[in-house]
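Reader: I have a chain open here and want to go through it with you. Can we start with the overall layout and then get to the side chains?

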Amino acid sequence: MKNQQDKESRLDRIERGLDLLLQGTSELKEAQERFSQERREAQERFSQERREAQERYSQERREAQDRIDEEILELKESQKKTDEQLRKTIKKLDDIGRQLGDLGLVQGEVAEDLFYRNVRYLFKEERDMIFADVKRNLKKKGVGEYDIVAVNGNAVLVIEIKNKLQKRMIYAFINKRLPRFKAAFPEFRGRKLFGAIGALVVKDEIGRYAEKAGLYVLTQTSEGGAALANRKNFKAKEFKFS
């Protein structure tokens, strides 16, 4: 009887163990299924978030590219306007340059005519010099042109005419133009060579500079006439070029 009870008790324990094993297996399976489900959901969320992020990035990139394209278009339009404005400005400057050039030519002719008409009178009254011959625009091809050339006995006076006198003009006249004069016009080689410079506008310090260099200085008076700006004791320099 006792053995029968012991067997039943062991069977009961085995059955309970099997029940617990089955229950544990079932719970493990359920846990695995929940883990797999959660993992799939997590992967789906990650995939969804990555797709959304990619879409946002693509959208932002398209918007940024649209802004860049728009800015490039605006820049091109602005450049067109700038180029057009620059062309207009250059045209205006060219027009002004031509007008100033024409004005300079006119003023040069006025200055040249003023001193040409008065050279005989000025030197006769101020320096007691009588010019037998006064030439205007004496030209030599390949050498240059001399504005006024006046002959007094055995002397020749070469006069350079400018609108506004500057030091560099005086230097160029003495060092470049006067030295070539007798070589260009050999008929004057037997005469003493003197130089003069005339301008409508002559500042005092520039006039003194030209005078110190040995040049006669002609200028315009406040009344529009011509006058010698040299001091009374001025003695002209004889330029000895072969």
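Predicted model: local features only at pLDDT ≥ 70, side-chain atom pairs only at ≥ 80, totals over all residues.

Reader: How many helices and strands does the chain come to?

Author: Three helices and six strands.

Reader: And what share of the residues counts as buried?

Author: Of the 242 residues, 26% count as buried. The accessible surface comes to about 17600 Å², and 50% of that belongs to carbon and sulfur atoms.

Reader: On to charges. How many salt bridges does a search of the whole structure find?

Author: Nine. One of them joins Glu112 and Arg136, with the closest N and O atoms 2.9 Å apart. Glu112 is in helix H1 (residues 2-127) and Arg136 in strand S1 (residues 133-140), so this pair ties together parts that are 24 residues apart in sequence.

Reader: Is Glu112 buried or exposed?

Author: Glu112 counts as buried because its relative accessibility is 11%, under the 20% cut-off. Arg136 is partly exposed, at 32%.

Reader: What else does Arg136 meet in a salt bridge?

Author: Asp113, at 3.3 Å from N to O. Asp113 is partly exposed, at 27% relative accessibility. Glu112, Asp113, Arg117 and Arg136 are linked in a network of salt bridges.

Reader: New topic, H3. Which of its residues are buried?

Author: In H3 (residues 204-212) they are Ile206, Gly207, Ala210 and Glu211. Those residues sit on the same side of H3, because they cover an arc of only 140 degrees around the axis. Asp204 and Lys212 are exposed on the other side.

Reader: What covers the buried residues of H3?

Author: The cover includes H2, strand S4 (192-201) and S5. Just after H3, Gly214 takes a positive phi of about 95 degrees.

Reader: What about Lys182, which is buried yet has no salt bridge: how far away is the nearest side chain of opposite charge?

Author: That side chain is Glu238, 5.9 Å away. A salt bridge needs the nitrogen and the carboxyl oxygen within 4 Å. A polar atom of the Lys182 side chain does lie 2.7 Å from the backbone oxygen of Arg191. Lys182 itself is in helix H2 (residues 167-184).

Reader: Which residues does Phe241 touch?

Author: Leaving out residues up to four places away in sequence, Phe241 touches Ile174, Leu178, Pro179, Lys182 and Leu193. Phe241 is in the segment after strand S6 (226-228) and is partly exposed, with a relative accessible area of 26%.

Reader: Last one, Thr219. Which backbone oxygen does its side chain reach?

Author: The one of Ala199, at 3.4 Å. Thr219 is in strand S5 (residues 216-220) and is buried, with a relative accessible area of 15%. Among the residues Thr219 touches are Phe115, Leu200, Val202 and Gly225.

Terms used: Residues numbered from 1 in each chain as written. Heavy atoms only, no water. Helix = DSSP H or I, 4+ residues; strand = E, 2+ residues; numbered from the N terminus. Buried < 20%, exposed > 50% of the residue type's maximum accessible area, 1.4 Å probe, protein only. Lys, Arg positive; Asp, Glu negative; His and termini not counted. Polar contact = N/O pair within 3.5 Å; in protein donor to acceptor, adjacent residues only side chain to side chain. Contact = heavy atoms within 4.5 Å. Arc of directions from axis to C-beta. Areas by Shrake-Rupley, 256 points an atom, 1.4 Å probe, with all protein chains shown as cover.
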